[in-house]
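Colleague: Before I rely on the labels attached to this model, I would like to go through how each was assigned. Could we take them one at a time?

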There are 4 protein chains.
Amino acid sequence: MSSRVRELQETVCALHAELVRNNLVAWTAGNVSGRVPGEDLFVIKPSGVSYDDLTPESIVVCDLDGNLVEGDHAPSSDTAAHAYVYRAMPHVGGVVHTHSTYASAWAARGEAIPCVLTAMADEFGGEIPVGPFALIGGDDIGKGIVATLEGHRSPAVLMQNHGVFTIGASAKAAVKAAVMCEDVARTVHVSRQLGTPLPIAQADIDSLYDRYQNVYGQRSSR
Amino acid sequence: MSSRVRELQETVCALHAELVRNNLVAWTAGNVSGRVPGEDLFVIKPSGVSYDDLTPESIVVCDLDGNLVEGDHAPSSDTAAHAYVYRAMPHVGGVVHTHSTYASAWAARGEAIPCVLTAMADEFGGEIPVGPFALIGGDDIGKGIVATLEGHRSPAVLMQNHGVFTIGASAKAAVKAAVMCEDVARTVHVSRQLGTPLPIAQADIDSLYDRYQNVYGQRSSR
Amino acid sequence: MSSRVRELQETVCALHAELVRNNLVAWTAGNVSGRVPGEDLFVIKPSGVSYDDLTPESIVVCDLDGNLVEGDHAPSSDTAAHAYVYRAMPHVGGVVHTHSTYASAWAARGEAIPCVLTAMADEFGGEIPVGPFALIGGDDIGKGIVATLEGHRSPAVLMQNHGVFTIGASAKAAVKAAVMCEDVARTVHVSRQLGTPLPIAQADIDSLYDRYQNVYGQRSSR
Amino acid sequence: MSSRVRELQETVCALHAELVRNNLVAWTAGNVSGRVPGEDLFVIKPSGVSYDDLTPESIVVCDLDGNLVEGDHAPSSDTAAHAYVYRAMPHVGGVVHTHSTYASAWAARGEAIPCVLTAMADEFGGEIPVGPFALIGGDDIGKGIVATLEGHRSPAVLMQNHGVFTIGASAKAAVKAAVMCEDVARTVHVSRQLGTPLPIAQADIDSLYDRYQNVYGQRSSR
């Protein structure tokens, strides 16, 4: 196993702890994967393993068809969806899946989250869209993710009656998108409970998105 | 005391910490029990003891009529309900009881939780049903649990105006069901606050349930 | 200072950590007091001190008129209310005050929490009542607490537009009542969000209350 | 770098941990700044740095135009707003910005939080007002904060579709205001979900505010 794979296993293992710390997952639900740079491989959470028991060694290695290449455990039951995204979207370096409460609540109604917060304009560039209902076990979930995200700036998609998938240039960026998705899903939900949030003009959304993608943060750490 | 009982006391003691960690219990409310394999005994939380003060030794041993067989403390006031379940359902190896917030909120309205999330179809195979109002102190609660669960795939039952009981092949499986029950009770509640969640077709629920029960997780760790 | 006072300061200091752990308080809000057995004294949180900085020595000693008897800090700004309760209710050994979210939300509407959960019947013996709006700085809050609680089984009172006061035979019992009050305030709130919780018959409430007060828990630890 | 600056960096670094502990921030959102006593400088969080990675050294020093004076990182993207407040309000020693959930939910509707809790009267002296929608990147946010707060007792302003800014005599006081703002935003939200909170008479609000600002807490620690 290359040192590049080992390093990614450590990163992806540590990022799963962020899902727990940010209250995005219950029991063994949820998973993070990361593409191995320069190889047709990605690493992903093993299926049904407790977050407490995850170690870098337990993070399994798969090829882009989702077949297990190395590891002592079966890969996550969502592996086919991750694999489909890596095949279809070469710029994606990380994928995250959760059933986080507020995002999944919007998903259960099949309703996109409207962009009524400047933080949403920054991170998602508009609404967070809804993808189709799809059964696990083939490429349907992956296809639904890709078909939905290709038409949007958003790195997050709400899969109907299911949960959230997020993408990013790295596994860490995809985890950030999952954290921010739940954060804005909750705030917009709470706001809607007592009335109608005020819209943000499209030109302002465009301006905020452009600035955040190009100016925010430390140049060296993006 | 056999080493089998001692081992189960350790497991059941540790599982109570999962109730706390997953915010399912307040103060001393809630309890986990586990059937002693091959014997007509089960172990259960002592009554009114703080979660911080639980030790494996403090977990009491009862016979299947709920009588104290070994232990320095009185058994949980819910012992009769656990005992009834073990007598009536030989395949059950663990029982959990909580007043977790969202599940109890559905229970207070006497309303089943509709199956509008794929994670619910996976784990519960349909709605989470409601059992009757029953007073503590006899077999009424136990009878209500068994009568309700016998007609459902669900390992969880919402006892009206009371809280949740869950069952499983092991105490750990019953704890998992309690964690997942509160998780879906919360997500469906939140979804319903702003509209009507979309239904999932019965054939899809059946397909998801069948797959999850038979495919998910590591073969060795089920 | 007697060893009895020192011991109570340690107990009351530790119980403040329970307010934090159970998410009942923000910043320096909230306070616990305990009556010194056999003396016309009680100990209480100092005013405006961070929960992190509380030590047994910082817990101040007051007489039953609320005057500082020993301590390097000013007593809690709610001391007059605690003192009034100790003067008027000789059986009370502990008092707790919080602005916990859900209880304070009922209090802001001036609405009692209806008894629709068996855990409420157990602990509160019926609804949790509302006391009058009263300004800080004299005996008005204390009078409102006592006038309301004297007519109820409940050890908790929602003071209108303000928060919760709870009483108990000991400071620990009052903290338990504060924890359970917020727990049932939240569950009944959540239940009411989607409809009307089912009532519990008065005879059943009476039966549950009687049993819980006389049977539950370890005989030695009550 | 003066010891006065170093000490303030340590204080401001530690105060960021309070934002995390009080669940006011997600990922890298949110920031605290503090004015350097006697100098035309303030210290503030670097942009896009994880809360786990903040150290006193990483807290950057800016002049009152928001230009970086010392530090290895770019200052927070909200630095211009902080700088504007320090220029316009000489009595302000600390500024905090968060997107805390409940406060931001009121902000998204452009709705002030009504003063229906005695704790709000104490801390905010009335409603928490709403400031205008403003884009990041110039003085618009700073101007909106100052124009709104100058007409109110409240140390907190809800910036429309954005989040909260709070001010204080010190960075710690501004953090306290941010914590209390979210606390009352949540309680009033929850109360409003099931009806209309009772109003508090203006004379009572005035009385509570006056007392709290002048009597509460330890004289030495204000």
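Colleague: Why does Tyr86(D) count as buried?

Modeller: This is a predicted model, in which local features need pLDDT of at least 70 and side-chain atom pairs count only at pLDDT 80 or more, while totals for chains, interfaces and linings use all residues. Residues are numbered from 1 along each chain as its sequence is written, chains are lettered from A and ligands numbered from 1 in the order in which they are written, and side-chain values use heavy atoms, with hydrogens and water left out. Buried means under 20% relative accessible area, exposed over 50%, and partly exposed in between, with a 1.4 Å probe and protein chains only. Tyr86(D) has 1% relative accessibility, so the residue counts as buried, and Phe42(D), with a relative accessible area of 0%, is buried too.

Colleague: Why is the pair of Phe42(A) and Tyr86(A) called tilted?

Modeller: The search of the whole structure finds four aromatic pairs over all chains. Rings of Phe, Tyr and Trp (its six-membered ring) pair if their centres lie within 6.5 Å, and planes under 30 degrees apart count as stacked, over 60 as edge-to-face and the rest as tilted. For Phe42(A) and Tyr86(A) the centres are 4.9 Å apart and the planes at 35°, so the pair is tilted. Phe42(A) lies in strand β2 (residues 41–44) of chain A and Tyr86(A) in helix α2 (residues 79–88) of chain A, so the pair ties together parts that are 44 residues apart in sequence. Both Phe42(A) and Tyr86(A) are buried.

Colleague: What places Arg109(A) over the face of Trp106(A)?

Modeller: A charge sits over a ring if NZ of Lys or CZ of Arg is within 6 Å of the ring centre and within 35 degrees of the ring normal. Arg109(A) lies over the face of Trp106(A) at 4.9 Å from the ring centre, and Arg109(C) lies over the face of Trp106(C) at 4.9 Å.

Colleague: Why is a four-fold axis the relation between chain A and chain D?

Modeller: Superposing by least squares on the C-alpha atoms of residues with pLDDT of at least 70 in both copies, a rotation of 90° with 0.0 Å of shift along its axis brings chain A onto chain D, with RMSD 0.0 Å. That is the relation of a four-fold axis.

Note on methods:
Helices (H or I, at least four residues) and strands (E, at least two) are DSSP runs, numbered from the N terminus.
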